[in-house]
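This note sets out, point by point, what may be read from the structure shown below. It is written as a colleague's commentary for use alongside the sequence and the coordinates.

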Amino acid sequence: MTKHMLLAATALTLTLGAAQAETLRWARSGDALTLDPHAQNEGPTLALMHQMMEPLVLRNPAGELEAALATDWSVSPDNPDVWTFTLREGVKFHDGADFTAEDVVFSINRALTENSDMKGIISSVASVEATGDHEVQITTKGPNPLLPAALPNILMIDKDWAEANDTVDVQDVEGGEETFASQNVNGTGPYQLVSREADVKTEMTVFDGYWGADGFAMGYSDIVYTPIQNPSTRMAALFSGEVDFIQDVPVQDLQRIESDPNLKIVSSPQNRVIFFGLNVGDTLVNGEGENPLADPAVREAMNMAINRDAIQQVVMRGQSIPAGVIMPPFVNGWNEELNTVPEGGVEAAKAKLEEAGWGDGFTVQLDCPNDRYINDEAICQAAVGMMAQIGVTVNLNAQPKAQHFPLVNGLESDFYMLGWGVPSYDSEYIFNFLYHTKEDLYGTWNGTRYSNPELDEMIKAIAAEVDLDKRDAMIAEMWEMAKSDTVYLPIHHQVLNWAMKSGVGAAVDADDQVKVKYFTAE
Amino acid sequence: MSDPVLSVRDLVVEIPTRRGVLRPVDGVSYDIAAGEILGVVGESGAGKSMTGNAVIGLLDRPARITSGEILLTGQPIHRLQGEALRRLRGRRMGMIFQDPLTSLNPLLTVGDQLTETILEHLDVSPAEARERAVAALDEVGIPAARQRIGSYPHEFSGGMRQRVVIALALCAEPELVIADEPTTALDVSVQAQIVALLKRLCRERGVAVMLVTHDMGVIAEAADRVAVMYAGRLAELGPVRDVVTAARHPYTAGLMASTPDASRGQRRLRQIPGAMPRLDALPVGCAFHPRCDRAEPRCRQTPGPTLSACDGRAACWFPLGQPKEVLA
Amino acid sequence: MLAYIIRRVAQSILVLLVTGFVAFSMFSFVGDPVENMLGQERTQADVDRLREQLGLDQPFVVQYGKFLQQAAQGNFGLSYRQGRPVSDILAERLPATLELAAVSGLLALMGGIGFGIFTAIRRRGVGANVIMTLSLVGVSLPTFLIGILLIYVFSVELGWLPSFGRGDVVEIGGWTTGFLTASGLKALVLPAITLGLYQMTLIMRLVRTEMLEVLRMDYIRFARARGLRERAINFRHALKNTLVPVITITGLQLGSIIAFAIITETVFQWPGVGLLFINAIQFVDIPVMAAYLMMISVMFVGINLIVDLLYFAIDPRLRIDGKAGGH
Amino acid sequence: MSDHQAEIETRRTPGRLARAWDSDLAYSFRHAPVAMVSAAVVLILVLSALLAPWIAPYDPFDPGSLNLMNGFTPPGQPNAFTQETFVLGTDDQGRDVFSTILFGMRISLFVGFSAVLLAMVIGVVLGLLAGYLGGWVESVIMRVADIQLTFPAILVAMLIFGIAKGITPPAYRDQMAIWVLILAIGLSDWVQFARVVRGATLVEKSRDYVQAARLVGRRPFSIMIRHILPNVLNPVLVIATISLALAIIAEATLSFLGVGAPPTKPSLGTLIRIGQGFMFSGEWWILLFPALTLLALALSINLLGDWLRDALNPRLR
């Protein structure tokens, strides 16, 4: 009987027309951690929130900045520290309240509070003020030509709603109280929350008052979002037709999806580069005696030993782009020349090692996550083999990310895997976190002990450089410097694959951020 | 005279094993009349319990009856199986086991066990079955039977439990009761009471009783006739008084001499030398000859005679109290 | 009897404290929760501040003490991962696990006892031997593989049953149940089989062994000699005596069912406490891990106690002596 | 004793080997085709695991010998790039599946045997102590056994794994994993052994000769052990066999939860965990062959255990 009803319902939908009453059943490996847009700077959380909330400036699937809640923005001609944003008019929150400058001021300040996880992205913001009902001014600590690029993940919430529901503060871990905003949503986004069971299911339906109802594809009227952790189960759900669209597709299953006439794959290079970091300090963490990795020639030899093409073809099944630099391709500062991979292979690498006085090889431990990047463990395993071929014995220590990252950050690893995405699409972000000497605010992800005062100075200089041409030149010079020191061994750029029923029209987004409003349904 | 209650004719029980076929019961014949107690005596492994089990059809795999017949009031029952055999058990043949501690289901009250047996075999209402159960307990001498009917087996003493077992065996009024070592597991003081009880019930109800035991004292006390078994065969069969006072088979004589009660006299107790041979290593000739001080060459070469071939009393080529040449 | 229960409860509390202590000493090794709680752009100051807020800078003995103090008041803290009270999360997730455990436990018990009796009674039959051998296949492959194989066959290839989740659930007074909807019942099938198969094999073997032992008992021979029907002998006499050890082990196995649910729930994305626990481990969500282990311990200790009490109910011999059951 | 008897006696004392072959157990074995097939399978598998370094065409544990380009070669077909052929194909790292299975089985069996041995030693010792000493020692041991029994093995194993991993220096973790697995599985499995041994000890303790030894002031412990150990040999053997199969499966299950043997030195369980990722992708051999090997191994051991249980139980013969 159910089946008949279902058929009848489908027939009804078809007669009513395409855009109506289509449900997108969407699955990926993990659930959003919270519904509070400022509590967690984490992929799945932001991906879910982007259906229901919006930033001032959005990054569209093509990777370009697009006007969202702000229609226009510009830096003041007099003062490079002051930006003016003109807000979209006639925008409503899901509860019917109007979106105004007050809400922007409130949201950005909320995102800057100590308990907010987003404050790092907009740490350059000094203050925000409303200069009209639909205009705000943001003042930065020194000139920041890239401010708009920092805003796509800063989502706007309603000030009155937050105050009325006592949820002005972003979660309070110490106090042990659950916040209203972590369970409820009042945004301006295209979809509004219907129901949510954390880790189980989140249902959303189209928001009638959405300002962009006519401007976007809006192929789906409803979304059912389900996390499915086990990759085989997730694939089974797609193959059996229980879901329409999945993220986190295992690379080995792409072929079967492509050969299935009802399914398809949409892919794009991802904003994430995978690489190994090396301890360039004087002593090894795990091992005795002189640190061979302190010698740039040894690092160069190891770099040559990595057969990126083999990793790409076998481990990644073609779903990666071999990398010669730890920078995703669309980031400002990128050029094809930087991305060249050292030639020579095993023989040259061996010779180089011999030359450096390490011809008999040495032993080092490779720390690797096994639940973070695409095939992370398999890549590390392959690297163990490649290093063995030049006489370097590598002990693999693969473990969950929760145990891996503390090693990296605590300078407790000699050889580790790391992946890096650049939300700002600018090289500065990479230098700040990965190349600067490890300090309180800079080099926080630099687990290599690499310290180059000259580079450090330039890093601070580009932050304030308003002349973009001059800045780009400086960035190019910095990359030359960084690359010649071979602190990191780049592996590849990840390629994103989304799998879906052939009727789903989705453009894949380099940040792996789904925005269903751009989806078409057939 | 009408048919005896139980009539066993040339019964052979065999157990096929990898060392060949064993015969724990080999050509046994005897009758038991109503109201009569036949004692079956012998060392362990002589085949006495196996005979009892064969009669009631409870031989354990792979033992089986291969020839001979068993007649219950003239009807052959040795070929019966399954349902037909089950109907006979309890209803026409009862059995009493050695150990009252283990023969009662510990998780059911004695009343439950009695009534289920009565209801199984007699066409009575549950209420009446219960009355009969009380009566059965009363009859075997359980004091305050009506109160104790709801008790569990562990709440009775050993002797009382054996009384319950007897009540269970008799509650559906069978014609034949096989009592397999009913007193062996009991204290000496209780043994006599149980024997007396069996004897009384046998007389009162006219039940035929096959009393299997290794205790000559019990035989002397209770049985009317006695069958002595050795290595699967009947060695001697006759009225208790005759066998006890004037054994014809050397084995019986040895058995008497080694039993304090039966010997009565002041003579020293004597032992029979050696042990009963294992069934898989029976000697050629008479099975008893290695232990027999009267053994002649013939005994070593020719298997012992069957009872019927002799005088129906002792299966021996050279019975005691007979001239040696009688059967020669 | 009362004294016995009191003694057992006291012992149980001790067990809980020890379990908690062991668990806490483990937490410092599963990783650093702070890494997961802060985004890529965090500074060292953020890390230190959060560690201090969470009390992670203190020795684990102190953390444990604090946990106990709060737990005694029914407060298990906030989940690091979801920012919600742990007690709420557990309450939300427990019905899924309990329903799954109940169905698979029932399946294991009924199948195990049924097949166990069958294989014991027809010990030498072909059917019994086939069942015995086939049942071993179920314990000769790891559970996760069986689950995935079932999904492959019944969801992907045949499309009969769902591959993940609980289907539609109905909420009744804070308890969500999948028993009342067709999709909820369908969703139960594969996980319940996966989870119950292993236990069913164990119970079946146990019942068979015990039953064979019991069938050799004198009282069974005696029951036979009294001409009782096979059915009465097998079920009324033998089975009841078989049940005593079976109940003990089965009761204890209930604990295993809930523990093995961790794997089944992961494979089938079953939204129960097992999946929650796995997520908590990955995220180093200490409050959730601690509360889960505590809850499981309470459950196991409770089951242990109930099993002991069941002894008294089944075996009249124990009622008289009033001694501690069955040990 | 007559001549005959003597003759019988002499006839019945053949050599030790002949006696073993002639024993009831061997007889039962020769008449149980399932047991014979299982024993043959177990023997072949154990032997090939033991001889892996000599039988296996490749050494999958030597990372330097691997060529990643050999990855995903189907069984019996030449690799598209390297033209090399492998009987059972290769896995995602270009390892020969056949060799990896042999070496993996070595690890699975090593973990299984050692864990059971550990459980057996702990169980027998604690069982003896509990039965012999009685009193509070017995209460404590049996109480701990109860707790252990309620606490599911996989949780115990995860706890131990977590702690052991934490206190092991990272450099040794690679090798430690296997020892930790043994410890974890062994510690969760001793209770059955302890119960059986305790039971036998209690029976033996009440025997007259032990009481007598006590009366004359001798320490009956060593006498007892000599009597107890032969008595519990049969049940302990049965439990050990079944436990061996369970331990091997437990190792596989734990590897799914990420606490198994490391991927560079995989056990059968780790191979299956890795292989299940290729369930839908067409590289069926990466999952199928290790899974079949594990199934054959565990099933045969289980069947042997089943047969042993019935054959060694005198009351069931």
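1. Contacts within chain D. In this predicted model, 67% of the contacts in chain D with a separation of 6 or more are accounted for by residues 24 or more positions apart. Chain D consists of 317 residues, and 52% of them are buried.

2. Secondary structure of chain D. The chain has 14 helices and zero strands. Its pattern along the sequence is accordingly written α-α-α-α-α-α-α-α-α-α-α-α-α-α.

3. The interface of chains C and D. Chain C contributes 35 residues to this contact, and chain D likewise contributes 35 residues. On the side of chain C that touches chain D, the elements giving two or more residues are helix H1 (2-27), helix H6 (126-139), helix H7 (143-157), helix H10 (230-268) and helix H12 (286-314) of chain C. By class, this side of chain C comprises 24 nonpolar residues, 10 polar residues and one charged residue.

4. The interface of chains A and C. Which chains share the most contacts? Of the five pairs of chains in contact, that pair is chains A and C. The contact involves 40 residues from chain A and 44 residues from chain C. On the side of chain A that touches chain C, helix H6 (231-239) and helix H12 (401-409) of chain A are the elements that give two or more residues. H6(A) supplies the largest share of that side, five residues. The side of chain A that touches chain C has 15 nonpolar, 16 polar and nine charged residues.

5. Chains A and B. These two chains do not touch. The nearest C-alpha atoms of chain A and chain B are 48 Å apart.

6. A hairpin in chain A. Strand E4 (residues 70-75) and strand E5 (residues 82-87) of chain A run antiparallel and are joined by five bridges. The hairpin connects E4(A) to E5(A) through six residues. Within this pairing, A:Asp72 stands opposite A:Thr86 in E5(A).

7. The setting of A:Val194. This residue lies in strand E8 (residues 191-197) of chain A. Is A:Val194 buried or exposed? A:Val194 is exposed, because 12 other C-beta atoms lie within 10 Å and a residue counts as exposed at 12 or fewer. Leaving aside neighbours within four places in sequence, A:Val194 is in contact with A:Glu203, A:Met204 and A:Thr205. A:Val224 is 30 residues away from A:Val194 along the chain, and the C-alpha atoms of the two residues are separated by 9.7 Å.

8. The annotated region of chain B. An unreviewed UniProt entry carries the annotation "domain: ABC transporter" for residues 6-256 of chain B. In the model, this span is 40% helix and 27% strand. The C-alpha atoms at the ends of residues 6-256 of chain B lie 27 Å apart.

9. Domain assignment of chain B. The assignment gives domain 1 (4-92 + 174-327) and domain 2 (103-173). The centres of domain 1 and domain 2 of chain B, taken over C-alpha atoms, are separated by 30 Å. Contact between them involves 13 residues of domain 1 and 14 residues of domain 2 of chain B. Helix H8 (residues 188-205) of chain B provides six residues, the largest share of the side of domain 1 that touches domain 2. That side of domain 1 of chain B has nine nonpolar, two polar and two charged residues.

10. An open sheet in chain B. Six strands of chain B form an open sheet in the order E6-E7-E8-E3-E9-E10, with mixed pairing. Why is one side of E6 and of E10 left without a neighbour in the sheet? Strand E6 (93-96) and strand E10 (233-239) of chain B stand at the edges and each has a single partner strand, so one side of each lacks a neighbour in the sheet. On average, neighbouring strands of this sheet are turned by 15° against each other, direction ignored.

11. The pairing of E6(B). E6(B) pairs with strand E7 (residues 176-180) of chain B in the parallel sense, over four bridges. In this pairing, B:Gly94 stands opposite B:Val177 in E7(B).

Conventions
Residues numbered from 1 in each chain as written. Chains lettered and ligands numbered in written order. Predicted model: local features only at pLDDT ≥ 70, side-chain atom pairs only at ≥ 80, totals over all residues. UniProt positions renumbered as here; feature names shortened; annotations may be inferred. Pairing = 2+ DSSP bridges. Axes fitted to C-alpha atoms, helices over the stretch in contact; angles between N-to-C directions. Contact = placed C-beta atoms within 7 Å. Nonpolar A, V, L, I, M, F, W, Y, C, P; charged D, E, K, R; others polar. Buried ≥ 20, exposed ≤ 12 C-beta atoms within 10 Å, placed from the backbone. Domains from an automatic or database assignment.
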